[in-house]
Every structure is written in structure tokens, then in C-alpha cells.
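Please consider them alongside the sequence and the coordinates.

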Amino acid sequence: MTTAASPARRRISILGSTGSIGRNTLDVMSHLGGREAFEVPAITGMGNIDLLVRQARQTGAGFAVTADPDRYAELKSALAGSGIEAGAGPSALIEAGHRDTDLLLAGIVGIAGLAPTLAAIAGGADIALANKECLVSAGDLFTAAIARGGGRLLPVDSEHSAIFQVLEENQRHAVERIILTASGGPFRDHTREQMASMTADVAAAHPNWSMGIKISIDSASMFNKALEMIEARHLFGLRPDQIEVIVHPQSIIHSMVGYSDGSVLAQLGAPDMRHAIGYAISHPRRANLPVERLDFARLARLDFSAPDEIRFPALALARTAMQRGGLQGAILNGAKEAALEAFIAGRIGFLEMADIVAATMDRLDDGRQATGIDDVYAADREARAVAISIIADCGVRQTS
Ligand code: NDP
Ligand code: MG
């Protein structure tokens, strides 16, 4: 509501505000005017209650939610006297998505973000989407919900933001291909033998981007790029054969679109998620963002090479999932999550993650389709269970 005295503030809710994307979003919002410019109907986190409380107080959020129901009392007492409502657990997350907002930043990691994001979509909010697992696991349902809800879907993943920025809306018929760039991660030049013995700590140390632990390890295995291929297919309505991946170690070109006249348009920038976040929340305007400006003389060169699909089998698995369609995206993601957790716990080796995902996808390749969100959650649970049983069959590795 606008009053004569106070111009309307833009309403932005943030799912996953305590994570890497969430913190960067709040940083961008504070650069773009903070509480003067933005109202925050809802924010959510999970384990980091101290930060959630600080963020809620700083932004004057209407509703602060932890996904962990056991932390409700702690959150509520920390917010006592602030006038900020507290909530906990899956239903409170969905309630956060339902709170009236102009834009919802979907920054939860994993499929837990699907239901609250769909709640905001149903309310007609624009969605700034970082939570790629929503599109990977439930792409058709998700894009249909956006069409019904009437809000815009604004990509935050840097590659998809790049494509969105150079995709000429009235020339979509002339798009031949998109080219997703990949840094290649910390193991870009490692042999398979070296990769086999890598630990989670080493895999999580990304050379260019500072991100959450899961996405950092997914970058090392290129499962992140695999998810991004499926994400791009749904975001831009492409065929699997139109989606290419190129290794570009400097992460300066964030992705490209190739047109039928042979032109390739690219978006370039410093590897800083605040650009893609700022672009999404300011769209269609370009705001003044606190990101480093490129100095081409200092950069001097940009390198490219084809990805090695023997060392990085995740890319072929994404193609298989896209070709099979149905719930294979949800199955790939669920199996990958279980394998990733087993790798972080030291129970399996780095290279075994892809073997487990491939075996799970094959075992659950029965052409099933999603008729609703429950089918997606069921496929996710089943994929995790199958992957865990495969891991158990392989035997438990000794942790050092
Ligand atoms: P983080 O792990 O840093 O943050 C995840 C957020 O989700 C935190 O707020 C966390 O709460 C919360 N959370 C974790 N588990 C659950 C759960 N089960 N239910 C509800 N909330 C939960 O992740 P990132 O910020 O790195 O990534 C978020 C999403 O954005 C992912 O889908 C990722 O792939 C995508 N993305 C991230 C990029 C990046 O630069 N980080 C780049 C492009 C895409 P808490 O911390 O309080 O426990
Ligand atoms: Mg990305």
C-alpha cells in the first residue's frame, strides 16, 4: 500500500536468507537502498538461527522461519519484543512463500525449496530463482505453475542469468544453441586417479566462486553443470541437443547464445553472484551494482576447452535424464544428493558419486511422469533410498 508520505517499497521475500545466495541478496538490497527501498515480508533459514534473527531485525522482516521445527522456541524467544513473527517447519516455509510479496528470491538448497516457491508462484509473485533443483526435479510442473500464476521467472544462476540477458525475446526462433560455461572446478586438470582420492574439503574449495558447500562440490564433479543443463532446458524451452557446455577456467564469460546467422552473444562480468542477483531483482532496469568492473588489459586472455566426459560423467547423465524425460531429473537429483552426502561423510570416493547416480537412474527408468508435486517428492525419496542401498552394497569406506 502506498501513502502520500511514503513511496511504495518493493516487497522481496527470501527463502534461504542465511545461505550464500541469501546473504549476497541482502548485501545487494542494502546497496540498493536497504529498508528505505525494500520491505521484507518473509525470510527463512534452517540451522543458523543467530544469523536469521540478525537479518530479521536488520530488515524489519514480517515473518522469520526456520525449516527446523526443533528450533522454534529458540527463534521465537530471540525475536521476542521485535514484532517479528516466528515460524518453524515445512508448513511455516510454505506460509513464508504465501506471504504477499512482489518478488520471492528462491535461495534454499535442494528440493525443500520446491513447495514454498510454488506457493509464491501461485500468489502471482515474480520468482528470482537460484534454487535450481526446483527446475531439475519438477521442470514441467514448475513452468506450468509460473504460466498460471502470471509472475515472471528470473534466473539467478549466473549462466542462466547470462543467457537471459543476451536472449533476444523476438528472435527466440533463431536460437540454435546455448553454450553454458563451466570453470572446470578444482579438479579440472586432475587425472581420474588423482580425483579418486580427493576429500570433501579439497573438492569444496572452488577456484573462482565463493558458494555453499554442496554446490561447490557439485562444481568439482560437474554435477552442478549437469543440473544447469536441465535447468536451462526448462527455463528456455530448448531441446537437449541445443545445450552445449564449454570449459572456461576464468569464469568471465558467464554463458552464450548462438543464433542461426552464426552470431554468438555472450555476457561477461566478474565472478560475483551479486551481479546475477542484482540483475534479477532489478529487472528490467540495470541497477548500479557493487561488483568489480572488468579490466580487459589485465585479464589478457580467455581460455576454452571441451569438457572431458570420461572424467566428468555427470554431463552425459544430464543428457540421459533429459532424453528420458518424466521424473528422471528428480531421480538424478535425489540420487546425486544421497551420493554427495555419502561423499561428504567419507563413505564413498569422489568418482563413485556418478556411478551411484547412473545406477539409480537406470534402476528407476520406468517412464514415470509427475502429475503433481507429491510425485516429485516421492521420486526424490525413492531415488535417495535406492542410492543409499547401492552405497551400502558397495561397502563402507574407511574414513581417515
Ligand atoms: P547454502 O548452503 O549456502 O544455503 C542454503 C540455504 O537454505 C540456507 O539458508 C540454509 O539454512 C537453507 N536450508 C538448507 N537446508 C534446508 C532445508 N532442508 N530446508 C529449508 N532450508 C534449508 O546454499 P547456496 O546459497 O550456495 O545455494 C542455494 C541455492 O542456490 C542452491 O540451489 C544452489 O544450487 C543455487 N546456486 C547457488 C550459487 C552460489 O553462488 N552459492 C550460484 C548459483 C546457484 P541454514 O544455513 O540456516 O542452515
Ligand atoms: Mg551456475
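1. Angles between axes under 35 degrees count as roughly parallel, over 145 as roughly antiparallel, 65 to 115 as roughly perpendicular and the rest as oblique. The model is predicted, so local features need pLDDT of at least 70 and side-chain atom pairs pLDDT 80 or more, whereas totals for chains, interfaces and linings use all residues. Residues are numbered from 1 along each chain as written, chains are lettered from A and ligands numbered from 1 in the order written, and side-chain values use heavy atoms, without hydrogens or water.

2. Helix α11 (residues 213–221) packs against helix α16 (residues 328–344) at about 95°, and their axes are 11 Å apart. The two helices are therefore roughly perpendicular. Axes are lines fitted to C-alpha atoms, for helices over the stretch in contact, and angles run from 0 to 180 degrees between N-to-C directions. Helices (H or I, at least four residues) and strands (E, at least two) are DSSP runs numbered from the N terminus.

3. In this packing, Lys-214, Ile-217 and Asp-218 of α11 meet Lys-336, Glu-337, Leu-340, Glu-341, Phe-343 and Ile-344 of α16; contact means heavy atoms within 4.5 Å. The contact residues comprise 4 nonpolar, no polar and 5 charged. Here Ala, Val, Leu, Ile, Met, Phe, Trp, Tyr, Cys and Pro count as nonpolar, Asp, Glu, Lys and Arg as charged, and the others, Gly among them, as polar.

4. The magnesium ion (ligand 2) has Asp-157 (OD), Glu-159 (OE) and Glu-228 (OE) as protein donors, at 2.1 to 2.2 Å. Donors are N, O and S atoms within 2.8 Å of the metal (3.2 Å for Na, K and Ca); water is not among the atoms, so sites may look incomplete. Glu-159 belongs to helix α8 (residues 158–166) and Glu-228 to helix α12 (residues 223–236), so the pair ties together parts 69 residues apart in sequence. Both glutamates, Glu-159 and Glu-228, are buried, meaning under 20% relative accessible area, with exposed over 50% and partly exposed in between (1.4 Å probe, protein chains only).

5. An open sheet of 4 strands has the order β10-β9-β11-β12, with mixed pairing; two strands pair if DSSP finds at least two bridges between them. Its edge strands are β10 (243–247) and β12. In strand β11 (residues 253–259), 7 of 7 residues are buried. Strand β9 (residues 175–182) runs antiparallel to β11 through 4 bridges.

6. β11 also pairs with strand β12 (residues 264–268), antiparallel over 5 bridges. These two strands form a hairpin with 4 residues between them, and Gly-262 in the turn has a positive phi of about 90°.
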